[in-house]
Amino acid sequence: MNQLCVIPGDGIGLEVIPAAVAVLRKVMPDLEIIQAEAGWNCFLTHGRSVPQETIDKINQCGAALFGAVSSPSHKVTGYQSAILTMRQSLNLYANIRPVKSLPNISPRPDIDMIIFRENTEGLYAGIEQIDGDRATAVRVITREASRRIANKMLEYSKILNRQKVTIVHKANILPLTDGLFRDTVREVISEYQTNGFNIQTNELLVDIATLKMVGDPEFYDVLITTNLFGDILSDAAAYWCGGMC
């Protein structure tokens with residue numbers, strides 16, 4: 001029997017997820033819905049934004065439909081982001097966001113890109129500390145995580161016959177962390193090219209990449225980047241076809 005873990009969460013999630021489930025029940029009448037909790041209200045009730053029971057249910061089902069969650073904009077003792085908790089607990093390393101023009105909706109007709117965002121580390125690793133008037137955050141980039149998102153990007157690109165990948169980084173300012181990400185992605189692409197996959201490669205600094213996302217989105221085919229940059233770029237790309245913003 002097919003099972004789906006459904007997590008409405010907070011806010012708009014409580015409105016859109018029941019509508020989505022109603023559609024799923026029409027097209028998949030044998031689908032078993034397993035309800036679970038996560039988010040700010042869950043934290044207020046249970047003291048955890050994502051209870052272990054929710055993680056267990058997601059693992060049991062193998063797939064989850066997640067709505068939205070609220071998060072405080074200030075430090076709350078004991079609270080950890082529900083989204084980051086699920087991503088890290090379940091090792092959800094590949095955030096894949098297709099962006100394609102929709103007829104009569106999108107302001108430009110020929111946009112068709114896929115953004116591959118590494119989803120478990122970077123500045124979203126959640127390593128912060130404060131000492132008086134000084135606060136710091138640790139940006140984590142590893143070769144392992146960079147290789148696996150690059151492999152996932154190339155697997156999809158090969159299946160979908162994508163022709164060009166743009167590596168987005170800021171290695172001129174962050175030569176160690178972004179340099180490691182960029183160079184690792186290059187290595188994986190080179191391995192695929194050696195094995196016969198002919199895909200063009202270029203790279204852009206994230207500020208130029210953002211400008212192109214606004215002014216020349218048709219330039220993009222496939223993008224690959226780190227966690228924070230991917231978050232911002234994909235939210236900007238949502239302008240062209242709608243999205244989570």
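Visitor: Let's start with one residue. What does glutamine 60 count as, going by relative accessibility?

Guide: Keep in mind that this is a predicted model. Buried is under 20% and exposed is over 50%, with partly exposed in between. Glutamine 60 comes out at 47% relative accessibility, so it counts as partly exposed. The residue belongs to helix H3, which spans residues 52-61. As for its place in the fold, its C-alpha atom is 33 Å from that of cysteine 241, a residue 181 positions away along the chain.

Visitor: And what does H3 pack on?

Guide: Start with the sheet itself. Three strands make an open sheet, ordered E2-E1-E3, and their pairing is parallel. At the edges you find strand E2 (32-35) and strand E3 (64-68), each pairing on one side only. From one strand to the next, the twist averages 25 degrees. H3 packs on this sheet and touches E1, E2 and E3, with its direction at about 145 degrees to that of E1.

Visitor: How many bridges join E1 to E2?

Guide: Four, and strand E1 (residues 3-9) runs parallel to E2. To find your way in the picture, look for leucine 4, which sits opposite isoleucine 33 in E2.

Visitor: On to the other open sheet. What is its strand order?

Guide: Five strands, in the order E4-E5-E10-E8-E9, and the pairing is mixed. E4 and strand E9 (200-205) are the edge strands; each has a single partner strand, so one side of each lacks a neighbour in the sheet. Direction ignored, neighbouring strands here are turned by 20 degrees against each other on average.

Visitor: Which helices pack on it?

Guide: H7 is one of them: it touches E5, strand E8 (164-169), E9 and strand E10 (222-225), and its direction makes about 105 degrees with that of E9. H8 packs on the sheet too, touching E4, E5, E8 and E10, at about 155 degrees to the direction of E5.

Visitor: How do I read the two faces of a strand?

Guide: The general idea is that side chains in a regular strand alternate between the two faces of the sheet. E4 is joined by seven bridges to strand E5 (residues 112-118), and the two run antiparallel.

Visitor: What about the loop between E4 and E5? Is serine 106 buried or exposed there?

Guide: Buried. Serine 106 lies in that loop, but its relative accessibility is 14%, which is why it counts as buried. Leaving aside residues up to four places away in sequence, serine 106 touches Lys100, Ser101, Trp240 and Cys241. Its C-alpha atom is 21 Å from that of phenylalanine 116, 10 residues away along the chain.

Visitor: How should I describe two helices packed together?

Guide: You give the angle between their axes and the distance between the axes. Here, helix H7 (residues 206-215) packs with helix H8 (residues 227-237) at about 15 degrees, the axes being 10 Å apart. That makes H7 roughly parallel to H8, and the crossing is right-handed.

Visitor: Which residues of H7 and H8 meet?

Guide: From H7 come Val206, Ala209, Thr210 and Met213; from H8 come Phe229, Leu233, Ala236 and Ala237. Sorted by class, this contact has seven nonpolar residues, one polar and no charged ones. The spacing is worth a look, because an α-helix has 3.6 residues a turn, so residues three or four places apart point the same way.

Visitor: Which residues of H8 are buried, and what covers them?

Guide: The buried ones are Asn227, Phe229, Gly230, Asp231, Leu233, Ser234 and Ala237. Their cover includes E4, E5, E8, helix H6 (177-194), H7 and E10.

Conventions. Residues are numbered from 1 along each chain as its sequence is written. This is a predicted model: local features need pLDDT of at least 70, side-chain atom pairs count only at pLDDT 80 or more; totals for chains, interfaces and linings use all residues. Side-chain values use heavy atoms; hydrogens and water are left out. Two strands pair if DSSP finds at least two bridges between them. Axes are lines fitted to C-alpha atoms, for helices over the stretch in contact, and angles run from 0 to 180 degrees between N-to-C directions. Angles under 35 degrees count as roughly parallel, over 145 as roughly antiparallel, 65 to 115 as roughly perpendicular and the rest as oblique. A crossing is left-handed if the near helix is turned anticlockwise from the far one by less than a right angle, and right-handed if clockwise. Contact means heavy atoms within 4.5 Å. Ala, Val, Leu, Ile, Met, Phe, Trp, Tyr, Cys and Pro count as nonpolar, Asp, Glu, Lys and Arg as charged, and the others, Gly among them, as polar. Buried means under 20% relative accessible area, exposed over 50%, partly exposed in between (1.4 Å probe, protein chains only).
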